[in-house]
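Let's take a friendly walk through a protein model together. Have the sequence and the 3D view ready as you read.

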Amino acid sequence: MQITPNQIAQFSGARMIVGPHDPESIITNLTWDSRIVLPDALFLALPGERTDGNDHIEAAIEAGAAVVLASRETTAAQQQAARDHGAALLEVDEGTGGEALLALAAGYRDSLTATVIGITGSSGKTTTKDMVAGVLASGMVTCATYGNYNNEIGVPATVLDADPSTKALVVEMGMQALDEIALLCRIARPSIGIITNVGVAHCELLGSRENIARAKAELVENLPDGTGIAILNGDDPYTSFICQLSRASERGVRTLFYGLSAHNDIRAASIEYDSEGRPSFDLWLPDGLSRRAKLALQGEHNIYNALAAAACGHVCGIAADSIIKALGSARPAAMRQEMVKLSSGAIIINDTYNANPDSMRAGLALLTHIGLSHRHIAVLGDMFELGDEEERFHREVGAFAHISRIDLLVTVGDLARHIAQGARDVGMQAERIIECSDVTAALEALKPLLVQRPVILVKASRGMRLEQIVEGIAQEC
């Protein structure tokens, strides 16, 4: 970010209560946490679930914030602190801090010349974003969403994180309702859009998978006519619906399809897995040539993520050899299929960051590719936000667990009881299923099994806190 205090006031629509000591000073970073204020920072004071940033304005100024944007009326003490430290103090009406941030990012976006890549999907967004950023960074200055900051605060923060030298800006876009991605697109204004897939995550909020597809289609709908490029999962059954809904062809938006099927523009063939589930494959690009690629990430689902990144690299002019090298160097983020090898010989797949039916199946498929001579145990917990059909989705995961031929299924939580039932319904023997009410019970059930040096997948929605099981197992081994 490179922006002056006066521009912050102009773009955000904020009132300048205390002017800056140096009106031409350049603000280079943004934070909304007063504990991590850096020099020349903009401190955005927003109310949160546990604390209100407006209560920490003086602390932020004393820590070196050059500009503070308050989201309620400031006090005399806060104004005096700003004068004493030469900081600019801006304010907007109470309850409009988020809107001010969106307006600020939208105004700043006008100064950027970077190619903006928007990424959304029901699963795989963050991994795909990281792989796209890695591929593009091999040939151009690249800025990308930090972690999974993909909402109405994270996306404008990502835009503001770029500076005039940025050539590629990779923006992850999440949503919980219709029109949210459209709003984020109005801020980031992507010219390339990637949709990883359409699953059932957020069914509780959107009502149906078709509505989820409608929400994802907003990314393609907001690509520029004539020049926009949509990179879509050609194996996903909702992709044609997205193309029709967004009128991509009529608007002159170029579409590139990726996947495993032969009809895709970018595809993988001759797939092989090593003993830890890491795939190698022939990568076919639109130039009609194939190159052998190998991933450090495990599982078939990461082939799809890699193909999306390869497609983006191709349209952005990254050389094929550089694409393959970048894909091979990608590593998992914390708690996302993180491989933990214990001194006892047991292996944990820590996939506790989040879960939906599609990512559950991907995790189970990965489990069966690792340590073929080991016993395979799946520890699966509740999946949230699945709506009225949550029981059916859990039962289907249980059925897939049995089909995957795992040795033992351990379920954790009330909803996960339906995973156990789904496994029983398709023939899994009762002695291969352990139902647990909570993390403590699951750990007690697993402890006597660790001497067998199993491979253990641990996965559930974030609220289940199953990383405590990973930590407990590690302590035992």
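A salt bridge is counted when a side-chain nitrogen of Lys or Arg lies within 4 Å of a carboxyl oxygen of Asp or Glu. Keep in mind that the model you are looking at is predicted. By this rule, the count comes to 25 salt bridges.

Which residue forms a salt bridge with Asp 225? The partner is Arg 251, and the closest N and O atoms of the two are 2.7 Å apart. This pair links distant parts of the chain, 26 residues apart. Asp 225 sits in the loop between helix 9 (209-221) and strand 10 (229-233), while Arg 251 sits in the loop between helix 10 (239-246) and strand 11 (254-259). Are these two residues buried or exposed? Asp 225 has a relative accessible area of 54%, so it counts as exposed, the cut-off being over 50%. Arg 251 has a relative accessible area of 11%, so it counts as buried, which means under 20%.

Now turn to helix 14 (residues 390-403), where Arg 395 and Glu 391 both lie. They are 4 residues apart, about one turn of the helix, and their side chains meet in a salt bridge of 3.8 Å from N to O. Arg 395 is partly exposed at 30% relative accessible area, and Glu 391 is partly exposed at 41%.

Another salt bridge joins the side chains of Arg 424 and Glu 435, with 2.9 Å from N to O. Arg 424 belongs to helix 15 (residues 417-425) and Glu 435 to strand 19 (residues 433-436), so this pair ties together parts that are 11 residues apart in sequence. Arg 424 is partly exposed, with a relative accessible area of 30%, and Glu 435 is partly exposed too, at 39%.

Salt bridges can also join up. Asp 274, Glu 276, Arg 278, Lys 294 and Lys 341 are linked in a network of them.

Finally, have a look at helix 3 (residues 76-85). Which of its residues are buried? Gln 78, Gln 79, Ala 81 and Ala 82 are buried. These four cover an arc of only 160° around the axis, which puts them on the same side of helix 3. On the other side of the helix, Ala 76 and Asp 84 are exposed. The buried residues of helix 3 pack against strand 1 (15-18), helix 2 (57-62) and strand 5 (88-91). After helix 3 comes Gly 86, which has a positive phi, near 70°.

How values were computed: Residues are numbered from 1 along each chain as its sequence is written. This is a predicted model: local features need pLDDT of at least 70, side-chain atom pairs count only at pLDDT 80 or more; totals for chains, interfaces and linings use all residues. Side-chain values use heavy atoms; hydrogens and water are left out. Buried means under 20% relative accessible area, exposed over 50%, partly exposed in between (1.4 Å probe, protein chains only). Helices (H or I, at least four residues) and strands (E, at least two) are DSSP runs, numbered from the N terminus. The arc is that of the directions from the helix axis to the C-beta atoms. Contact means heavy atoms within 4.5 Å.
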